[in-house]
Amino acid sequence: MEFNASRLHLPRYRTSVAFDLCIPTESVQADASNFAVLELFTERRDMMSLPVTEQQKPIGLISRNIFMSQMSKPFYHEVYGKKSCIAFMDKEPLIVDGAMSIEDLTFRAVEAGEKALADGFIITEGGALAGVGFGLQLMNVVATMQAEKNRQIMHSIDYASVIQRARLRTSSAELRATLPDAHLEWQPRDVVGGDFYFFERHAGGWFAAIADCTGHGVPGAFMTLIASSALSQALRELGPRDPAALIGAVSRSIKTLLGQDGAGSDNAGHAGSNDGMDCAFLCYDDASASLRFAGAKLALYVVAPGEEAVRAIDGARMGVGYVDTPPGYCWHNETLAIPAGSLLFITTDGLLDQIGGARDIAYGKRRMREQLLAQRDAPAGDVAAALLQDSAAWQGKQPRRDDLTFFCFRL
């Protein structure tokens with residue numbers, strides 16, 4: 001029987017159980033002859049499958065295509081015409097209760113194989129025949145349901161992006177008001193991302209943070225909320241002048257919140273997650289014109305006036321918040337006297353690890369250093385533009401691997 005959407009009990013987008021796909025149909029008793037089935041198929045050219053019943057309970061399904069193909073063979077009329085229709089019946093059709101969910105029905109149909117999708121399936125109510133459903137119906141409904149779920153998910157992700165960007169907006173405004181020659185680039189690989197930044201002016205100076213949390217997309221975005229909240233709490237408790245102590249406080253907070261400090265472990269001692277972040281924290285003091293830096297797997301790059309090389313101040317090789325990060329681990333501050341006019345740069349690995357070029361290898365630190373040296377006297381915005389242009393050319397047709405965030409500024 002052909003699929004007609006108008007015959008469904010509910011609109012397609014509301015379909016949730018097998019009954020909603022049920023099309024009432026004629027049936028034949030098991031003792032009906034093949035001539036009777038042939039007559040029925042001849043009269044009802046829209047009928048694609050015919051249930052066979054015993055005492056109103058379905059026991060099989062006759063496919064129109066298979067039946068007509070068999071009965072068209074030489075001598076089959078004479079040999080099988082008067083015999084019971086069970087001769088051409090599928091004795092193991094897919095039979096489902098009308099209350100079965102569409103999700104469960106889909107799994108059952110896939111398990112039953114091609115015949116359930118091609119010839120249809122029987123729907124019952126209280127064990128008695130209620131009607132039939134067809135693969136085209138099921139695929140149509142599943143596609144509609146999936147499209148609606150995807151629409152809802154994307155709507156939620158889009159709104160999450162609004163929230164994430166709103167949390168970053170204050171830092172962007174503070175940065176523009178404090179450092180006139182600075183550029184902060186934040187490009188999530190997906191709609192939302194796992195990188196975040198923070199900038200805050202305080203009495204006598206400013207504090208900045210760049211962080212790359214585990215993952216990207218939605219999982220990464222959740223981690224940014226956890227990590228940025230932990231940083232905000234640490235700043236309230238410790239102040240901005242000791243970046244290393246702040247990293248330690250954030251690490252302990254992440255470990256506690258995610259149960260990665262041993263308290264949330266299972267009986268075997270394994271935590272349910274192993275997430276954290278790489279980061280660079282900076283605190284600048286106006287009076288001394290000094291910069292205090294602490295990093296966890298991220299480095300600070302400095303191009304000082306008159307120098308022919310980029311100086312790298314590496315962060316510690318210990319990540320923040322992970323299961324293997326000791327709760328008492330101490331990061332260390334580097335206090336730097338920065339010559340006036342110096343160009344400073346921090347980036348997450350989204351820039352450095354991007355695959356591209358003729359050999360499909362990572363962009364790398366060497367190319368990044370070359371660009372910094374080539375643009376050493378340019379405004380921070382021009383330095384950023386040159387890096388982005390070179391990175392995009394390097395990436396070519398390769399997909400974006402990760403979120404991309406970097407902070408470029410001149411003192």
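User: In this predicted model, two strands pair if DSSP finds at least two bridges between them; which residue in β11 is the bridge partner of Ala280?

Analyst: Strand β10 (residues 277-285) and β11 pair in the antiparallel sense over six bridges, and the two form a hairpin with four residues between them. Within this pairing, the bridge partner of Ala280 in β11 is Gly295.

User: Which residue in β14 stands opposite Ser290?

Analyst: Strand β11 also pairs with strand β14 (residues 334-337), in the antiparallel sense and over four bridges. Six of the seven residues of β11 (residues 290-296) are buried, so this strand is largely enclosed by the rest of the structure. The residue of β14 that stands opposite Ser290 is Ala337.

User: Is the ring pair of Phe345 and Phe406 stacked, tilted or edge-to-face?

Analyst: Planes under 30 degrees apart count as stacked and those over 60 as edge-to-face, with the rest being tilted. The ring centres of Phe345 and Phe406 are 5.3 Å apart and their planes stand at 40°, so the pair is tilted.

User: How many residues apart in sequence are the parts that Phe345 and Phe406 tie together?

Analyst: Both Phe345 and Phe406 are buried. Because Phe345 lies in strand β15 (residues 343-347) and Phe406 in strand β18 (residues 404-410), the separation in sequence of the parts they tie together is 61 residues.

User: In which helix does Trp394 lie, given that Trp394 forms a pair with Tyr363?

Analyst: The aromatic pair of Tyr363 and Trp394 is edge-to-face, at 6.1 Å centre to centre with 80° between the planes, and both residues are buried. Tyr363 sits in the loop between β17 (361-362) and α10 (364-374), whereas Trp394, 31 residues apart from it, lies in helix α11.

How values were computed
Residues are numbered from 1 along each chain as its sequence is written. This is a predicted model: local features need pLDDT of at least 70, side-chain atom pairs count only at pLDDT 80 or more; totals for chains, interfaces and linings use all residues. Side-chain values use heavy atoms; hydrogens and water are left out. Rings of Phe, Tyr and Trp (its six-membered ring) pair if their centres lie within 6.5 Å; planes under 30 degrees apart count as stacked, over 60 as edge-to-face and the rest as tilted. Buried means under 20% relative accessible area, exposed over 50%, partly exposed in between (1.4 Å probe, protein chains only). Two strands pair if DSSP finds at least two bridges between them.
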